[in-house]
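Please look through the sequence and the structure shown here before reading on.

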Amino acid sequence: MTTDTQQIVNKAWNFAHVLRDDGLSYIAYTEQITFLLFLKMTDELTKPPYNRKPIVPPELGWRSLLERDGDELEVHYRHFLEELGKSRGCWARSSRKPGRKSRTPPPCAV
C-alpha cells in the first residue's frame, strides 16, 4: 500500500474508533462511509468526461454537504437521509424494506 493510501486508511479507522467510543458500531460507521463515498462517486459522474444525469437531487447531493459544517452539517445530513427515504424510485423502495434498522437509503445502480 502506498503511503498516501495508508494515511487515508488510518484516518478512516481513527474516525471509526472515535465514533465507536461514542456508541456507534463499526457496521453503522461502515454503512455511513459507504453512503458518503457513493454520494461522492455519483457527483463525480455528473462531471466531464462522464456528464451523466444526477441520480441524487442536487439539494441532497455531495455538494450540499460540502456547503456546511458542524451542527448545520449534522442537521442537514439527517434531513438529507429523511428526504431520500421519502423520494420515489429505488431510494424509497429500498429504505422501506421491513426490518431495515438503518435510516441510510442504499444506493441506486449507477
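## Helix packing and the nonpolar core

S64 is a residue of helix α3, which spans residues 62-66; helices here are DSSP runs of H or I with at least four residues, numbered from the N terminus. This is a predicted model, in which local features need pLDDT of at least 70 and side-chain atom pairs count only at pLDDT 80 or more, while totals for chains, interfaces and linings use all residues. Residues are numbered from 1 along each chain as its sequence is written, and side-chain values use heavy atoms, with hydrogens and water left out.

With a relative accessibility of 4%, S64 counts as buried, a term that means under 20% relative accessible area, whereas exposed means over 50% and partly exposed lies in between (1.4 Å probe, protein chains only). Apart from neighbours within four places in sequence, S64 is in contact (heavy atoms within 4.5 Å) with P58, E59, H76 and F80. L65, when residues up to four places away in sequence are not counted, touches L36, L39, L73, H76, Y77 and F80.

Helix α2 (residues 26-45) and helix α4 (residues 70-86) have axes that come within 14 Å and cross at roughly 80°, the axes being lines fitted to C-alpha atoms over the stretch in contact, with angles from 0 to 180 degrees between N-to-C directions. The two helices α2 and α4 are therefore roughly perpendicular to each other, a class that covers 65 to 115 degrees. Where they meet, Q32, F35, L36 and L39 of α2 face Y77, F80, L81 and L84 of α4 in contact. By class, this contact of α2 with α4 holds seven nonpolar residues, one polar residue and no charged residues.

Rings of Phe, Tyr and Trp (its six-membered ring) pair if their centres lie within 6.5 Å, and planes over 60 degrees apart count as edge-to-face.

| Pair | Centre distance | Plane angle | Class |
|---|---|---|---|
| W13 and Y26 | 5.5 Å | 70° | edge-to-face |
| F35 and F80 | 5.9 Å | 75° | edge-to-face |

F35 lies in helix α2 and F80 in helix α4, so their pair ties together parts that are 45 residues apart in sequence. Both F35 and F80 are buried, and together with Y77 they form one aromatic cluster.

Conventions
Parallel < 35°, antiparallel > 145°, perpendicular 65-115°, else oblique. Nonpolar A, V, L, I, M, F, W, Y, C, P; charged D, E, K, R; others polar. Phe/Tyr/Trp six-rings, centres within 6.5 Å; stacked < 30°, edge-to-face > 60°.
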